[in-house]
Amino acid sequence: MEIRATHTPLLEWTGDSLAIGLFEDSGELSGDLATLDEKFAGSIKELIAEEEFKGKQGSSIVTRVGTNSPVRKVILVGLGKPEDLKLDTLRRAAAAVARLAKKQKSKTLGISLPIWNNDAAKTALALAEGVQLALYEDNRFKSEPEDKGPLVEQVDLLGLGGQEAAITHANQICSGVILARQLVAAPANSVTPITMAQTAAEIASEYGLQLEILEQQDCEKLGMGAFLGVAQASELPPKFIHLTYKPQGTPKRKLAIVGKGLTFDSGGLNIKGAGSGIENMKMDMGGAAATLGAAKVIGQLKPDVEVHFISAVTENMISGRAMHPGDILKASNGKTIEVNNTDAEGRLTLADALVFTDKLGVEAIVDLATLTGACVIALGDEIAGLFSPDDALASQLEKAGEAAGEKIWRLPMEEKYFEGLKSGIADMKNTGPRAGGSITAALFLKQFVKDTPAWAHLDVAGPVWADKENGYNSPGATGFGVRTLVNWVLSDA
Ligand code: BES
Ligand code: MG
Ligand code: ZN
């Protein structure tokens, strides 16, 4: 599929489907749209009346226009109230029309939507993202694709001529989001710690990043007892991935991104029971997937910022070698942890990943982890929890998420709740009481960051996976986090 920015006026565009955005209650057709309606013998007005189309955000309708018309179908997409127009509304509108065009078997699609905030570049970027992310289909594990209909081959963004660079940018971003989706959607017998390390190696060689893989023995030498405790029951070797992007010249900033990388989480001996969603715990590397997805994008965009991408990758399995509930592990900063629940494994792997990252001399660390079911209970499955002792970093991430259309909501790091992690025998336990479970998880992680000026944790257990179609996300892996991370790295904070 090719997306083009074009100067072609609405009235002159020819092709299979022409999509036009309409604000809520915009009354009589006016301007170009009125002229277009005349050109199509009143069929747009008729469609609006017949379908009682009000322009509500998320609504869309389609009609066929005359047989000899230079446009076969007209799609109208609702944009809600003009004063409420957000960039993500346009991204979603583009996604909706792309899906409709595909359903209508259109090979060419013209999209005419308003420009957001007088910013043609951001608008073109958002539209191109919406189209590509909505049309992406994962047929890797089907012997034959289910949907054999024609593909949308060409999409023209009308009124956005000259925005070629924004479209290239969108293509690069989507390549990272789609990589993250593919990693998360692939089952645990396909994506393993070994293949995650291979994916990192591919990114390194394709885009010129530095790669360091710590094998089990290397992790032992560094005293990563928490990570290795989780890894010890698996038949597969753990892999500690460290990718580095270094710009030419002196970097403006030095940052690090850390992702939880459990290619499968059985729960360990505190095995996940019925209703726990164990059959979908291949998605427990969603943080690592976003980290690698972001590395792929940053490797292409080449900003003036040094970025480290880190993930301690393993499976949480059971065997005769498995951690016993009650075992005491020692992390690489010397802290001892009583494992009162083997299913709280993500924070154990992150503990050593954070200690490692804390020594890199970066200004800020952001970690992403499918860490707790409690966060999904608190915020539902579309919103990530944000935890940070640093207001400035928290607000940078909130802005980055807003621009990406990825929802994040800050939750408190209530220090008093750390009492729930007090252990009688070790420095701390890995699990506190059920209440406030995502807060105690964040407080646990905080113990492993000491020297880095700013740190934030995103609990992405909900939004890395979608059960239903939602805007540009189809059911399955969403690639959540990649676009927020890229925005954050690119911001001049
Ligand atoms: N990977 C899970 C968290 C999770 C739950 C991710 C649902 C995605 C969807 C994590 O390792 C886990 O098992 N957490 C436990 C922690 C508890 C034992 C303190 C949980 O949330 O139940
Ligand atoms: Mg678990
Ligand atoms: Zn887990």
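## Helices α4 and α5

In this predicted model, α4 (120-135) and helix α5 (residues 164-185) cross at roughly 35°, and their axes come within 9 Å. The crossing of this pair is right-handed. On the α4 side, the residues that make the contact are A121, A124, L125, A128, E129, Q132 and L133. They meet A166, I167, H169, A170, N171, I173, C174, V177, I178 and R181 of α5. Sorted by class, the residues of this contact come to 12 nonpolar, 3 polar and 2 charged.

N118 sits in the loop between β5 (108-112) and α4. Its phi is near 60°, a positive value in a residue other than glycine. With a relative accessible area of 80%, N118 is exposed.

## Helices α9 and α14

Next, look at helix α9 (residues 286-301), which packs with α14 at an angle of about 45°, the two axes being 9 Å apart. That angle makes α9 oblique to α14. The crossing of α9 and α14 is right-handed. From α9, the contact draws on A290, G293, A294, V297, I298 and L301. From α14, V482, L485, V486, V489 and L490 take part. By class, the contact of α9 with α14 holds 10 nonpolar residues, 1 polar residue and no charged ones.

How much of α14 is covered? Helix α14 (residues 482-490) is mostly covered, with 7 of its 9 residues buried. The buried residues are V482, R483, T484, L485, V486, W488 and V489.

## Helices α10 and α13

Helix α10 (residues 346-358) and helix α13 (residues 437-446) have axes 9 Å apart and pack at an angle of about 30°. Because of that angle, α10 counts as roughly parallel to α13. The crossing of α10 and α13 is right-handed. R347, L348, L350, A351 and L354 of α10 meet A441, F444 and L445 of α13. The contact between α10 and α13 divides into 7 nonpolar residues, no polar ones and 1 charged one.

How far should α10 span, and what does the model show? At 1.5 Å a residue, the 13 residues of α10 should span 18 Å, and the end C-alpha atoms are 18 Å apart, so the two agree. As for cover, α10 is mostly covered, and 13 of its 13 residues are buried.

## E415 and its contacts

E415 is found in the loop between β16 (407-410) and β17 (428-429). Leaving out neighbours within four places in sequence, E415 is in contact with L443 and K446. The C-alpha atoms of E415 and I439 are separated by 9.0 Å, with the two residues 24 apart along the chain.

Is E415 buried, exposed or partly exposed? At 41% relative accessibility, E415 counts as partly exposed.

K102 belongs to helix α3 (residues 87-103). Is K102 buried or exposed? This lysine counts as buried, because its relative accessibility is 13% and the cut-off for buried is under 20%. Not counting residues up to four places away in sequence, K102 touches L135, E137, D147, P150, L151 and V152.

Q216 is placed in helix α7 (residues 216-221). With a relative accessible area of 34%, Q216 is partly exposed. Apart from neighbours within four places in sequence, Q216 is in contact with L228 and P238. Its C-alpha atom is separated by 33 Å from that of R434, a residue 218 places away along the chain.

## A positive phi at E52

Phi of E52 is near 50°, a positive value in a residue other than glycine. E52 lies in the loop between α2 (43-50) and β3 (60-64). Its relative accessibility is 60%, and since exposed means over 50%, E52 counts as exposed.

Definitions and conventions. Residues are numbered from 1 along each chain as its sequence is written. Chains are lettered from A and ligands numbered from 1 in the order in which they are written. This is a predicted model: local features need pLDDT of at least 70, side-chain atom pairs count only at pLDDT 80 or more; totals for chains, interfaces and linings use all residues. Side-chain values use heavy atoms; hydrogens and water are left out. Axes are lines fitted to C-alpha atoms, for helices over the stretch in contact, and angles run from 0 to 180 degrees between N-to-C directions. Helices (H or I, at least four residues) and strands (E, at least two) are DSSP runs, numbered from the N terminus. Angles under 35 degrees count as roughly parallel, over 145 as roughly antiparallel, 65 to 115 as roughly perpendicular and the rest as oblique. A crossing is left-handed if the near helix is turned anticlockwise from the far one by less than a right angle, and right-handed if clockwise. Contact means heavy atoms within 4.5 Å. Ala, Val, Leu, Ile, Met, Phe, Trp, Tyr, Cys and Pro count as nonpolar, Asp, Glu, Lys and Arg as charged, and the others, Gly among them, as polar. The expected span of a helix is 1.5 Å times one less than its number of residues. Buried means under 20% relative accessible area, exposed over 50%, partly exposed in between (1.4 Å probe, protein chains only).
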